[in-house]
Amino acid sequence: MAGASPHSRGVALIGSGSAQAAQVISNNQLGLRVDTSDEWIQSRTGISTRRVSSPDQRLSDLASDAGRSALAMAGWSAESLDLVLLATSTPDDLFGTAPAVQAALGATNAVAFDLTAACSGFLFSLVTAAQYLRTGSMRRALVIGADQLSRFVDWDDRRSCVLFGDGAGAVAIEAADDDGLLGFLLRSDGSRGGVLNLPALDSDEVLAADARHRQGGYRPIEMNGQEVYKFAVREVPAVLQDLLERCAVGPESIDWLLLHQANQRILDAVADRFAIPRPKVLSNLAHYGNTSAATIPLVLDEAVRDGRVRSGHLLASSGFGAGLSWGAALFRWQGPA
Ligand code: UT7
């Protein structure tokens with residue numbers, strides 16, 4: 001782990017990457033399984049297809065592919081990394097999947113660990129990694145958001161199964177004199193957490209005479225969609241407003257609104273709140289649905305690679321989801337033009 005110069009207190013975001021799950025599932029395919037329709041799903045969510053991992057596609061495969069591609073864009077060797085931080089709620093291994101990603105990348109000098117904050121996980125991880133760079137204790141970090149919620153969705157529950165998909169995205173960040181992370185705010189409210197859960201199994205079994213135990217494992221996702229929707233359209237504009245004021249940045253200065261991709265109606269409501277024109281709102285919901293911790297780096301990577309997001313552009317980002325957890329970050333993209 002290399003130390004950065006004591007003058008390197010800024011953070012530069014300079015590379016992005018993403019990886020896709022193997023299978024494309026359309027709304028019409030879901031309509032053959034549950035009582036739903038392409039028209040209902042598109043009009044309520046903006047989603048038309050989502051990607052679902054093949055049975056042999058591991059989370060670490062997606063995360064490593066996304067990470068490798070971000071390293072290539074940044075022009076870094078894997079050995080130069082000090083940190084691999086993996087945001088996920090669906091690890092291959094509950095003890096942590098980041099070390100498997102570190103090994104797959106060959107990031108032999110990096111410490112690697114997972115961070116779980118559901119759909120806010122990428123934003124929370126970006127901010128966490130940035131702190132190591134700001135203190136000068138690390139120089140280069142790879143922040144990956146990857147999830148395979150397809151493995152925890154009840155595919156017979158039409159209220160939730162139509163929303164989610166799998167994917168991974170990554171961002172390479174480096175200590176720099178020119179600070180690209182203008183500000184951030186992170187929030188949690190566990191008292192409202194019951195509206196979106198991936199809960200542990202709660203059945204008990206006999207272990208021995210006079211002793212019982214509870215086997216580990218999880219039930220499928222349970223969600224009160226309306227309450228999550230209300231939470232998002234209330235808290236996301238509020239936290240963004242707070243952040244913009246603290247940074248003394250007006251909405252008109254934002255080049256791109258980079259929100260967690262949960263529902264097109266949520267993206268539109270937040271954009272309207274700040275009078276941000278629709279072409280400045282990054283969205284790939286139509287093709288991916290909600291990929292949880294992966295949505296923000298995935299849609300960012302697409303926009304960087306197709307030339308919409310360019311070096312020097314200012315992005316206002318917000319993640320939100322289970323926990324409840326939410327937050328915002330204001331950053332300048334400093335990758336290849
Ligand atoms: O990262 C955060 C993850 N979660 C979210 O972002 C979820 C946020 N919430 C939402 O996106 C929306 O609440 C949903 C898309 C989940 C639902 O949209 P809604 O406009 O809030 O619908 P609703 O729950 O009020 O349901 C309206 C009707 C109900 O029928 P009745 O009771 O009016 O007869 C539902 O049973 O739509 C029905 N419905 C469906 N119909 C066809 C619910 N899901 C479906 C479906 N297909 N897939």
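**Entry 1: S292 and how I work**

I began with S292, which is buried, with a relative accessible area of 3%. In these notes buried means under 20% relative accessible area, exposed means over 50%, and partly exposed is in between (1.4 Å probe, protein chains only). S292 also has a positive phi of about 60 degrees, although it is not a glycine. I found S292 in the loop between α9 and α10. Helices (H or I, at least four residues) and strands (E, at least two) are DSSP runs, numbered from the N terminus.

A note to myself: this is a predicted model, where local features need pLDDT of at least 70, side-chain atom pairs count only at pLDDT 80 or more, and totals for chains, interfaces and linings use all residues. Residues are numbered from 1 along each chain as its sequence is written, and side-chain values use heavy atoms, with hydrogens and water left out.

**Entry 2: helix α10**

Next I followed the chain into α10. Nine of the 11 residues of this helix (residues 295–305) are buried, so α10 is largely enclosed by the rest of the structure. Among the buried ones I noted T295, I296, P297 and D301. After α10 comes G307, and its phi is positive, near 90 degrees.

**Entry 3: another positive phi, and a cis bond**

A275 is a residue other than glycine with a positive phi, near 55 degrees. I placed A275 in the loop between α8 and α9 (285–288). Is A275 buried or exposed? A275 counts as exposed, because its relative accessibility is 68%.

I also looked at the peptide bond from G323 to L324, which is cis, with omega near -10 degrees. L324 sits in the loop between β14 and β15.

**Entry 4: the nonpolar cores**

In soluble globular proteins, nonpolar side chains tend to be buried together. I looked for such groups here, taking a nonpolar core as a set of buried Ala, Val, Leu, Ile, Met, Phe, Trp, Tyr and Cys residues joined through side-chain atoms within 4.5 Å.

Which residues touch the most other members of the largest core? They are L240, L257, V270 and F320, out of 48 residues in that core. At least two residues of this core come from each of α7 (225–247), β13 (256–259), α8 (264–273), β14 (314–321) and β15 (325–332). With eight residues, α7 gives the most to this core.

I then checked L257, where contact means heavy atoms within 4.5 Å. Leaving aside neighbours within four places in sequence, L257 is in contact with L240, V270, A271, I276, K280, V281, L282 and A316. There is a second, separate core of 34 residues, which includes M73, L83, A117 and M138.

**Entry 5: α7 against α8**

Two packed helices are described by the angle between their axes and the distance between the axes. For α7 and α8 I have an angle of about 35 degrees, with the axes 10 Å apart. Axes are lines fitted to C-alpha atoms, for helices over the stretch in contact, and angles run from 0 to 180 degrees between N-to-C directions.

On the α7 side, the residues that meet α8 include Y229, V236 and L240. On the α8 side, I266, A269 and V270 are among those that meet α7.

**Entry 6: E174**

E174 is in strand β7 (residues 166–176), and with a relative accessible area of 16% it is buried. What joins the side chains of E174 and R140? A polar contact of 2.8 Å does. A polar contact is a pair of N or O atoms within 3.5 Å; within protein, one must be able to donate a hydrogen and the other to accept it, and residues adjacent in sequence count only if both atoms are side-chain atoms. Not counting residues up to four places away in sequence, E174 touches several residues, including G10, W76, L133 and R139.

**Entry 7: S54**

S54 is in the loop between β3 (49–52) and α3 (59–74). At 15% relative accessibility, S54 counts as buried. Its side chain is joined to that of D56 by a polar contact of 2.9 Å. S54 also touches A22, Q23 and R151, not counting residues up to four places away in sequence.

**Entry 8: G335**

My last stop was G335, in the segment after β15. G335 counts as buried, at 8% relative accessibility. The C-alpha atoms of G335 and A74 are separated by 7.1 Å, while the two residues are 261 residues apart along the chain. Leaving aside neighbours within four places in sequence, I found G335 in contact with L13, I14 and S311.
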